[in-house]
Amino acid sequence: MTDLKHLFFSLGLEQLDLSEKEKNIINAFIEQSTPRFNDICHQRQDKEPLTLLLGYMTQQHHIASSRWIEQQAAYHQMQSVFESTVGTEHASKFLNQDADEYILITLLWLFVQGANKIDYSYANEQAETLLAHINEETKESNDSKEDEQLRQRLMQAFYQGKKTTQQSLFTKLRRMFMLSQQQ
């Protein structure tokens with residue numbers, strides 16, 4: 001049985017630049033996901049855990065994306081109530097917490113894509129799709145600097161996953177070379 005938290009950490013999760021709040025959200029996500037992921041691993045013992053994790057994270061990303069899109073009407077209504085009762089300036093202080101979860105699940109998904117050596121262009125396209133969803137659905141003005149920083153952060157997660165699997169491949173090759181030298 002594969003421990004989901006251990007699998008994420010073996011990919012270098014701790015090397016991602018995350019705030020304490022983000023770490024807490026990710027830890028809660030991993031804790032909630034562990035039983036289902038363990039079931040998947042048990043049912044599909046013929047597959048590598050990393051491959052199964054990609055499938056699982058793709059599903060979780062799809063769920064988070066769908067939830068984000070579906071809940072935007074309610075969010076806009078709530079935001080209108082805030083604006084009419086406390087004013088626009090104070091209403092802007094109320095942030096949609098779902099955005100954090102959507103962003104972090106996407107970050108983890110791209111991280112796992114990198115570890116599975118998925119093409120950069122697909123990962124970049126998905127990062128841009130997330131930005132479009134958030135900007136379109138929250139009807140916020142597009143701050144290209146903030147958008148670019150978030151896109152870069154998402155792609156850094158992708159490259160961290162890719163880097164970790166490349167390093168582990170290098171370590172395996174080096175170990176094989178050392179064993180062949182000893183014979």
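Guide: Val112 lies in helix H6, where helices (H or I, at least four residues) and strands (E, at least two) are DSSP runs numbered from the N terminus. This is a predicted model, in which local features need pLDDT of at least 70, side-chain atom pairs count only at pLDDT 80 or more, and totals for chains, interfaces and linings use all residues. Residues are numbered from 1 along each chain as its sequence is written, and side-chain values use heavy atoms, with hydrogens and water left out.

Visitor: Is Val112 buried or exposed?

Guide: Val112 counts as buried, because its relative accessibility is 0%; buried means under 20% relative accessible area, exposed over 50%, and partly exposed in between, with a 1.4 Å probe and protein chains only.

Visitor: What is Val112 in contact with, leaving aside its neighbours within four places in sequence?

Guide: With those neighbours left aside, Val112 is in contact (heavy atoms within 4.5 Å) with Phe8, Leu50, Leu53, Leu54 and Met57. The C-alpha atoms of Val112 and Thr51 are separated by 8.9 Å, although these residues are 61 residues apart along the chain.

Visitor: And Met57, what does that one touch?

Guide: Again leaving aside neighbours within four places in sequence, Met57 is in contact with Phe8, Phe29, Ile105, Leu108, Trp109 and Val112.

Visitor: How many residues are in the largest nonpolar core?

Guide: The largest nonpolar core has 42 residues, and those with the most contacts inside it are Phe8, Leu13, Phe37, Leu53 and Met57. Such a core is a set of buried Ala, Val, Leu, Ile, Met, Phe, Trp, Tyr and Cys residues joined through side-chain atoms within 4.5 Å. At least two residues of this core come from each of H1 (4–10), H2 (20–43), H3 (49–70), H6 (97–115), H7 (120–138) and H8 (144–182), and H6 gives the most, with twelve residues.

Visitor: Switching to H2, where is the kink?

Guide: The kink in H2 is about 45° and lies at Thr34, shortly before the proline Pro35; the bend at a residue is the angle between axes fitted to the seven residues ending there and the seven starting there.

Visitor: What about aromatic pairs, how many are there?

Guide: The structure holds five aromatic pairs, where rings of Phe, Tyr and Trp (its six-membered ring) pair if their centres lie within 6.5 Å, and planes under 30 degrees apart count as stacked, over 60 as edge-to-face and the rest as tilted. Phe37 and Tyr56 make an edge-to-face pair, because their ring centres are 6.1 Å apart and their planes stand at 65°. This pair links distant parts of the chain, with Phe37 in helix H2 and Tyr56 in helix H3, 19 residues apart.

Visitor: Which residue does Glu101 form a salt bridge with?

Guide: Glu101 pairs with Arg67, the closest N and O atoms being 2.8 Å apart.

Conventions. A salt bridge is a side-chain nitrogen of Lys or Arg within 4 Å of a carboxyl oxygen of Asp or Glu.
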